[in-house]
Every structure is written in structure tokens, then in C-alpha cells.
Amino acid sequence: MVGEREVGTLVHPRVRWPDEARDFTPWLAEKENLKLLGDEVGLSLEWVATEKPVGRYFLDILAKVSGTDKLVAIENQLEWSDTHHLGQLLTYATGCDTKIAIWVATGFCHEHAQALHRLDGWTSGNVSFYGVLIETVHEAGGSEPEPRFRKVVGPDGWNKGITLPPGTPPGMEYEAFFRPLITEVERAGFVDQPPSKWWGHLSRYFPSRVNRGILYGVSFDGGQHAWVTLHIETDRKTLTGQIFDDLNAEREQIEEAYDAGPGSEWYWNGKNRYGWCSVSIRKDRSIHDPPEELEATRKWMLEHLRKVQEVFDPRIGNLLEEPDPPNLDGQLTAHHRRP
């Protein structure tokens, strides 16, 4: 998703919308943004509901075609298409009795685009299926990436030129990058559980031994940055904020004592509306760098993953040992337990 085009530089949509449910879906539900999507597929769309219940599941956006009672199911995915979301699209379209189903993703595998194309043929116009790319383009001098939609599949055909070739797994370059890092982390033994994937293939997060709501992550943001992160997320925002506030009180001492190295920047993200807090170190790096630079990035991540854990685990542990400590044995919130 990163490369030079005639209209700027493509960056991963998560650079603009870090969380699909909390950032991208509310953005798309806005009138002007639904219009952008509708213009790309040749429909005038009106919002009806967000997170529409369908039995025990939830459709991202229920819309309708303006001036009609024709309902539209919109399923979002800020990653490459997968079979799980294809199943969701069919479930939601059926459950809401929609006549149009739109799948928005950052890329479409051949097999999933083919499935939408076949569905359009099988339903003979009674239900229309669309696959639409969401891309973000960073213009020179622009403050943030600008969105654009590109139709991949619709009742009028299939654009195979912007579809991943058959049998090519998305995110394979990230898997190749993270696998040696995970092996080294496991060999060193400073974590005792396997990592989880957040943001799809862009990151790996390792749970702390101190508390289940504390994780240490390494990631790319889909653009030009690599990150090492302490992520704090218990089951109550007040507890999460209390941990962050106690750590933030030592911010100056921590940064002065910690050698982050040249080109590294600190980011303290506290008390946000999403219910989590974080402390991160960022460096200018991309998954598309040459192999020797990727190796240097992997070493940088490993070094700081260990150092960040050594700095923060004892401090969080001390919080737990204080008289009448807060109940910090929180679980991760539901959106991070989704498949």
C-alpha cells in the first residue's frame, strides 16, 4: 500500500484511522463521506444506522439508496479481504434484507473478488455486490492523508488489475519480518506467551507478566514509521488512566534515563476516548526498506522492546504492591479480542 503514484504517496489507511470500529466506521457514516463511496459505485447513499444489530452480530453501516426503500449493507475492513469478512457481508445482507452489499477493504484477494463477481452473476441483479478499495494518499505538504475509493467489483464487472493475484497471501512481507523477531523474543525468554496480531499484519503485541491489561508491541504504521509501544488497557477507563497518570508523573526522569537513540521520538498517549493509553518510541522506518535496513529495524525493535519492558514492568508492579492498590487485573476490551 505504500508507493509513489501520480497523485501522491499511498499510505496505509490506519495512518489516518487507527481503529476500524472507532475511527473509520463513524467517519464513513458521515453524509459527505458516504457520498464519496456512493459516487465511486454510482449510487446515492443515505445513512440509516451504525452498528446495526443482526441477531447477535452487528453490521458496520446500514444505508439506503436515496429516494427509495432499497437498503444497503456496508461492511468495513481496514486490511486485505478475508473469508471471515466475506461471511459477515453475506450474513448482514441476508439479515437486513438488503438489495445491495458493499465490502470496503484496503485490498482484495483474487479469491474474494471472484466470489463477489460470481455472486453478482448468480443473483441476476436481485442483489448487487460491490468490492471497493479504501486508499489514503499523502500529498506533498498535506497535513494528513486524503481518502479515495476505487471500485474493484460490481454488477458491471471486475477490475482484475487492482486485485491481488491468486494464491498470494496478503501481509507476507510483515510475516517474514516478524517471524525472526518473535523467535528471538521467545528464545530470550522475556515474555512467556505468544504474541497477538493487532491492526492485522502490521504489528505483534506481547503480554506482560505483570498484568493482563499491559502489553508490549512492535509495529509499522503502514507509512514510514516503526514503533515500540507499551499499551495499557484494562476493563475500566479509570484504572487505565490511573496507571498512565502514575507513569506520566515520571515522564521526565524516564526519558532522561532512557537512551532512545538517534532519530527516535517519544509519544505519550493518555486519556483518549478509546479507553486505552500508551507510551511509544517511534523511528522513521518502512516495511519496504532494503533488506539490510529491515534487519537494522528488527534489531532496533528487539532492543527497545526489552528496554521498555525493563523500564515499565517494575513500575507497574510497584503500583500493584501499594496499600489498597487498584484492581488492575483487567481484561482487554472486546474489540481487541475479535478474530
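Modeller: Start with β13 and strand β14 (residues 277-284), which pair in the antiparallel sense over six bridges. Keep in mind that this is a predicted model.

Biologist: Which residue is the bridge partner of Ser 264 in β14?

Modeller: Lys 283 is the bridge partner of Ser 264.

Biologist: And what holds paired strands together in general?

Modeller: Strands of a sheet pair through backbone hydrogen bonds, in a parallel or an antiparallel way.

Biologist: How many strands form the open sheet, and in what order?

Modeller: Five strands form it, in the order β10-β11-β12-β14-β13, with antiparallel pairing.

Biologist: Why is one side of β10 and of β13 left without a neighbour in the sheet?

Modeller: β10 (203-207) and β13 (264-269) stand at the edges and each has a single partner strand, so one side of each has no neighbour in the sheet. From one strand to the next, the twist averages 15°.

Biologist: Which helix lies across β10 and β11?

Modeller: That is α5, residues 172-188. Helix α5 runs at about 20° to β10, and β11 covers residues 214-220.

Biologist: On to the inside. Which residues of the largest nonpolar core touch the most other members?

Modeller: Leu 230, Met 301 and Phe 312 do, in a core of 40 residues. At least two residues of this core come from each of α5, β11, β12 (225-232), α6 (237-248), β13, β14 and α8 (291-321). Helix α8 gives the most, with 10 residues.

Biologist: What is Leu 230 in contact with, leaving aside its neighbours within four places in sequence?

Modeller: Its contacts include Ile 214, Leu 215 and Tyr 216, then Leu 247, then Cys 277, Ser 278 and Val 279. Val 308, Phe 312 and Ile 316 are also in contact with Leu 230.

Biologist: Where are Glu 51 and Asp 97 found?

Modeller: Glu 51 is in strand β3, residues 45-54. Asp 97 lies in the loop between α3 (83-95) and β6 (100-107).

Biologist: Are they buried or exposed?

Modeller: Glu 51 is partly exposed, with a relative accessible area of 28%. Asp 97 is exposed, at 56%.

Biologist: What about Gly 125, where is that?

Modeller: Gly 125 is in the loop between α4 (110-123) and β7 (128-138). Gly 125 counts as exposed because its relative accessible area is 55%, and the cut-off for exposed is over 50%. Gly 125 and Pro 155 are 30 residues apart in sequence, while their C-alpha atoms are 7.5 Å apart in space.

Biologist: Last one, the whole chain. How many helices and strands are there, and how much of it is buried?

Modeller: The chain has eight helices and 14 strands. Of its 339 residues, 51% count as buried. The chain exposes about 16100 Å², and carbon and sulfur atoms supply 50% of that. Among contacts with a separation of 6 or more, 61% are between residues 24 or more positions apart.

Key
Residues numbered from 1 in each chain as written. Predicted model: local features only at pLDDT ≥ 70, side-chain atom pairs only at ≥ 80, totals over all residues. Heavy atoms only, no water. Helix = DSSP H or I, 4+ residues; strand = E, 2+ residues; numbered from the N terminus. Buried < 20%, exposed > 50% of the residue type's maximum accessible area, 1.4 Å probe, protein only. Contact = heavy atoms within 4.5 Å. Areas by Shrake-Rupley, 256 points an atom, 1.4 Å probe, with all protein chains shown as cover. Pairing = 2+ DSSP bridges. Axes fitted to C-alpha atoms, helices over the stretch in contact; angles between N-to-C directions. Core = buried A, V, L, I, M, F, W, Y, C linked by side-chain atoms within 4.5 Å.
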